[in-house]
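Please look through the structure below with its charged side chains in mind. The paragraphs that follow start from one residue and widen to the chain as a whole.

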Amino acid sequence: MKCPHCGHEMPDGYLLCDKCGEEIQIVPDFEPEIENSITETLSTLISSQEDIDEEEDDEEIVVRMGKGSRKPQVILAFAILLLAALISYALYAYHIHTVDYQISKAAAYAERGAYSEAIACLEAAYADYPEEARILFLEADYYYLQQMDNYALSALMKIIDRDTAQRYAEEDVEEAYGKIITIYANEKEYGLINELLRACDNERIVSMFQGYLAMEPEFSYVEGSYAEVIPLKLSSNTAGTIYYTMDGTKPDKNSQIYTSPLFLETGEYTVSAFFVNDYGIESDIVTKTYVINLAVPNAPVVGLYSGEYTEAMMIAVEPAEGCKTFYTTDESEPTADSVPYTGPIPMPLGKTLFKFVNISSEGIASEVTTRTYTLRLRGAIPTETAVTNLVNRLVEIGYLTDVTGKNPRQSGVLSYQFSSVLRVMEEDYYTINEYYDDGTGLLSRTDKVFLVQVYNGTAAQLGYDEDGEFMANVL
């Protein structure tokens, strides 16, 4: 389109020349029916005027002949016709300014590919009817069809603008957000979508498009002081990845990835995290500080003191309320993965270092209690001899077929291993466990425990009396 004032070539859709400043007036086409009506009215006026002129000539003749004048009637008729013409023009002027007329004219121009003229009609309509969202939607569509996305976005932004959004129905605002986000998504401008939604105060709209949004991670506990271990959970508003640190440093994409709750025990923790959605948009970093003050349980109380012993003893630990006790005998530090203490422990032969620890239900460990025991049984038969005595006795009574461990009840073989020293009915016995090998070389312990008297080698089977006390049932 060229400026009618200076001839400068203007971009499509412009209504103001950017060279001379001349405003461009788009003159709409006349509707055929209304144009015909006005033409007929004006023709009638002209014909009436000619009749009046003829009548005036005749009137002069009549006056000469002494007749009366008809001029008032002619003037009235002329006035009526003039009024009709004015009304017709007023109706026409009103009609061409209605929103439906402007939209229909814009559509007609668009069908011919004249988008600049179509948009000019819509701009004129919007000036008179700014509350009509359909004008802006149509204008955005025409710009979009011309690949003028920025102009299309400008039209749609008028619908969601906070100062003007109240003019439009909620569904119109939602539709405008949808069209804007579609344009941004096609251009892969995901950051602009995130900014758009972060600025939106309509929860429904934000929920509709939250897949594009990168909100800060939510923490399952408010920051502060706690007297218990807390399983801190981090969550995001949609699919993506949460990165975090626990030492107060700033997290980045090389930091730890959150996959499961963070168990915060005694101490102070500064947890920082941010979220990255599937479109690569990063949230702001959130930092919270937690102070965990937990009561440390008392160390285990072991009744038997360290020392050298000459008869079998049981090592007992007093139970601690709300705690479980664990121990080791290999000089390693006991943890919740160590052997759990379930009852008195027979003292092993030789020198043994025991380490005990109490661990609370919150996972807090006490100080470690250490005991060293040395058990020496003077005059006792060797443990190997005790095992041999037991196997021979089991063959004698028919429990075993031979000393290799074969038996009449199973296809595999049985074997026997020394375990500990146990005091039973005021006598010391070696406890010997039984194991079964099904031929694969894998040993599984049976439920039988045998005894061999440490001094005379008598074989027996461990049992219990009616009070639950140990018994030696001689074989």
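In this predicted model, Glu 282 has a relative accessible area of 43% and is therefore classed as partly exposed, since that class lies between the 20% and 50% limits. Glu 282 forms a salt bridge with Lys 253, in which the closest N and O atoms are 3.5 Å apart. Because Glu 282 sits in the loop between β8 (267-277) and β9 (286-292), while Lys 253 sits in the loop between β5 (240-245) and β6 (256-257), the pair ties together parts that are 29 residues apart in sequence. Lys 253 is likewise partly exposed, at a relative accessible area of 44%.

Asp 141 is partly exposed at 32% relative accessible area, and Lys 179 is partly exposed at 27%.

A salt bridge also connects the side chains of Arg 134 and Asp 100, with an N to O distance of 3.0 Å. Arg 134 belongs to helix α5 (residues 133-145) and Asp 100 to helix α3 (residues 99-111), so that this pair links distant parts of the chain, 34 residues apart. Both residues take part in a network of salt bridges that also includes Glu 132.

Across the whole structure, the search finds ten salt bridges. The protein chain contains ten helices and 24 strands, and buried residues make up 38% of its 475 residues.

Conventions:
Residues numbered from 1 in each chain as written. Predicted model: local features only at pLDDT ≥ 70, side-chain atom pairs only at ≥ 80, totals over all residues. Heavy atoms only, no water. Helix = DSSP H or I, 4+ residues; strand = E, 2+ residues; numbered from the N terminus. Buried < 20%, exposed > 50% of the residue type's maximum accessible area, 1.4 Å probe, protein only. Salt bridge = Lys/Arg side-chain N within 4 Å of Asp/Glu carboxyl O.
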